[in-house]
Amino acid sequence: MTGYIQLELGGKKRGIKFGNYTLIEYSKLNGTGVAEFNESNPIKLCADLVYCGLKNNCFIKKEIEDFTQDDVLAWVDDMPMTQITDIIETFEQSVRVSQGIADIQEAISKSSNPNSEKPKK
């Protein structure tokens with residue numbers, strides 16, 4: 001499953017699902033645009049992404065959130081670097097896929113719009 005990773009966090013297996021809802025939650029949490037990331041503190045960035053990915057997974061599965069932002073920060077603080085790397089790679093994969101889909105949708109929209117500019121030969 002694209003943009004999904006499962007980890008042992010807070011004493012149980014939890015799914016982290018990255019997607020559009022994750023980006024929206026991240027932007028609300030940090031007061032940024034949907035595609036803007038606060039990379040000045042990589043540990044906070046990772047914790048925020050995990051928190052928002054956990055929220056997204058709960059939203060999708062209609063589960064009750066049983067964690068707080070502070071819980072997630074503590075969990076990420078205790079993670080080995082290999083897990084942090086896996087999380088970031090999973091997030092980057094989801095962003096690449098989302099961007100690819102957006103590019104395809106834009107191309108389809110342009111080709112189906114008779115008023116759009118045709119490529120010059």
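Me: How many disulfides does the structure hold?
Reply: This is a predicted model, in which local features need pLDDT of at least 70 and side-chain atom pairs count only at pLDDT 80 or more, while totals for chains, interfaces and linings use all residues. Residues are numbered from 1 along each chain as its sequence is written, and side-chain values use heavy atoms, with hydrogens and water left out. A disulfide is a covalent bond between the sulfur atoms of two cysteines, and the rule applied here asks for a pair of cysteine sulfur atoms within 2.5 Å. By that rule, the number of disulfides in the structure is zero.

Me: Is C46 buried or exposed?
Reply: The terms rest on relative accessible area, where buried means under 20%, exposed means over 50% and partly exposed lies in between, computed with a 1.4 Å probe on protein chains only. C52 has a relative accessibility of 1% and counts as buried. For C46 the relative accessible area is 1%, so this cysteine is buried.

Me: In what order do the elements of the chain run?
Reply: Helices (H or I, at least four residues) and strands (E, at least two) are DSSP runs, numbered from the N terminus. The chain has four helices and two strands. Read from the N terminus on, their order is β-β-α-α-α-α.

Me: What share of the contacts between residues at least 6 apart in sequence join residues at least 24 apart?
Reply: A contact means heavy atoms within 4.5 Å. Buried residues make up 33% of the 121 residues in the chain. Among the contacts between residues at least 6 apart in sequence, the share joining residues at least 24 apart is 56%.

Me: Which residue follows α1 with a positive phi?
Reply: Helix α1 covers residues 20-30, and its buried residues include T22, L23, E25, Y26 and S27. After α1 comes a residue whose phi is positive, near 65°, and that residue is G31.

Me: How many salt bridges does the count come to?
Reply: Side chains of opposite charge can pair when their charged atoms come close. The rule for a salt bridge is a side-chain nitrogen of Lys or Arg within 4 Å of a carboxyl oxygen of Asp or Glu. Counted in this way, the number of salt bridges is six.

Me: How far apart in sequence are the parts that D66 and K12 tie together?
Reply: The side chains of D66 and K12 meet in a salt bridge, with 2.9 Å from N to O. D66 belongs to the loop between α2 and α3 (69-77) and K12 to strand β2, so the pair ties together parts whose separation in sequence is 54 residues.

Me: What is the relative accessible area of R14, which forms a salt bridge with D66?
Reply: In the salt bridge between R14 and D66, the closest N and O atoms are 2.6 Å apart. R14 lies in strand β2 and D66 in the loop between α2 and α3, so this pair ties together parts that are 52 residues apart in sequence. D66 is partly exposed, at 42%, whereas R14 is buried, with a relative accessible area of 7%.

Me: By about how much of the helix are K44 and D48 separated?
Reply: K44 and D48 form a salt bridge whose closest N and O atoms are 2.6 Å apart. K44 counts as partly exposed at 31% relative accessibility, while D48 is buried at 3%. Because they are four residues apart in helix α2, their separation is about one helical turn.

Me: Which residues lie nearest the centre of the second largest pocket?
Reply: On a 1 Å grid over the protein atoms alone, a pocket is an open set of points where a 1.4 Å probe fits, with protein on both sides within 12 Å along at least five of seven lines, and lining residues have an atom within 4 Å of a point. The strands β1 (4-9) and β2 (12-17) and the helix α2 (42-61) each supply at least two residues of the lining. The lining has 14 residues, and those nearest the centre are K12, R14, G15, N57 and E63.

Me: Where is K62, which has a positive phi although it is not a glycine?
Reply: The phi of K62 is about 55°. At 76% relative accessibility, K62 counts as exposed. Its place is in the loop between α2 and α3.
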